[in-house]
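Please keep the sequence and the structure in view while reading.

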Amino acid sequence: MPPMSTPLCGEPESRGKAGALGLVLGHPFDTVKVRLQTQNKYQGIMDCMVKTYRHESLLGFFKGMSFPIASVAVVNSVLFGCYSNALLALTATSHQERRAQPPSYTHVFVAGCTGGLLQAYCLAPFDLIKVRLQNQTEPRAQLGGPPPRYRGPVHCAACILREEGPRGLFRGAWALMLRDTPTLGIYFVTYEWLCRQYTPEGQTPSSATVLVAGGFAGIASWVTATPLDVVKSRMQMAGLERGAYQGMLDCIVRSARQEGLGVFFRGLLINSARAFPVNAVTFLSYEHLLLAWA
Ligand SMILES: C[N+](C)(C)CCCC[C@H](N)C(=O)O
């Protein structure tokens, strides 16, 4: 019997590692993006990279990485699990039958939005802690200098709980849900559409198709998510400094007035560049896990 997987796919375990590796490699870009979105002291991507490196060394780019790594499996299971269950409820066809009877794009969109909403809720506290740690520009362990506010992810969570209560952990969660609900609908629609374009009817998409469709789905989703991504990051940082926003609308209006509409596109380039590899690997794992379980 021929082997089930082509060399491109690898074994499930190596794909899991590839996913984690993608996250590690993508994290420095994520840190630069968060800083550009929430701090006004940088001229652009290069300036932010140079200043971070000079001030904090390479380690500066990896601040706040442990919680995303620890939570990615849970968050992605919620997203893909809710998506496929919602699709099952809407279309009453299993993953296998779906190749013969493809679901309508409306159903794919609604199922994607459902997955997006629920994963955003799980992601919110982890994302908040990530953003707060990424924004600490103090060099680590510098003798004499002021120590950073948070000593690490657990200390950060404990501080937020103590200072703001459990609700504090969900700061920015509304913006996150608004960001993710429609854009994860777009994510799955783009993925399905591209897969159908390049796959003969009734057949399973090849690994190469899955990688490319997943990568572009990531880009489409992040491009549309970026304006609310900026608002989300700013809401998450508000409360730390004086002059916190009254709410999401206040954040949007004040950001636009003070910095112009361009502010809502900060991080667009970085988000898109990071999105391709990360989501190509994510969809490849998803498709192969489904085949393995079915
Ligand atoms: C909806 N939004 C665009 C925010 C995310 C879509 C893809 C999520 C993926 N875990 C990633 O980190 O790229």
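## Contacts with the ligand

For the side chain of Asn-279 the corresponding distance to a ligand oxygen is 3.0 Å, and for that of Trp-222 it is 2.9 Å. Of the 370 Å² of accessible area that the ligand has on its own, the protein covers 89% (areas come from the Shrake-Rupley method with a 1.4 Å probe, and for residues only the protein chains shown count as cover).

The elements that give two or more residues to the shell around the ligand are helix H7 (173–197), helix H8 (207–237) and helix H10 (268–293), and H7 provides the largest share, five residues. Helices here are DSSP runs of H or I with at least four residues, strands are runs of E with at least two, and both are numbered from the N terminus.

## About the model

This is a predicted model, in which local features need pLDDT of at least 70 and side-chain atom pairs count only at pLDDT 80 or more, while totals for chains, interfaces and linings use all residues. Residues are numbered from 1 along each chain as its sequence is written, and side-chain values use heavy atoms, with hydrogens and water left out.

The secondary structure of the protein chain comes to ten helices and zero strands.

## Salt bridges

Side chains of opposite charge can pair when their charged atoms come close. A salt bridge is counted when a side-chain nitrogen of Lys or Arg lies within 4 Å of a carboxyl oxygen of Asp or Glu, and by this rule there are 18 of them.

Asp-229 forms one with Lys-33, the closest N and O atoms being 3.0 Å apart; because Asp-229 lies in helix H8 and Lys-33 in helix H1 (residues 12–38), this pair ties together parts that are 196 residues apart in sequence. Asp-229 also meets Arg-179 in a salt bridge, at 2.7 Å from N to O, and since Arg-179 lies in helix H7, the pair joins parts 50 residues apart in sequence. Both Arg-179 and Asp-229 are buried (under 20% relative accessible area, with exposed meaning over 50% and partly exposed in between, for a 1.4 Å probe and protein chains only).

Terms used:
A polar contact is a pair of N or O atoms within 3.5 Å; within protein, one must be able to donate a hydrogen and the other to accept it, and residues adjacent in sequence count only if both atoms are side-chain atoms.
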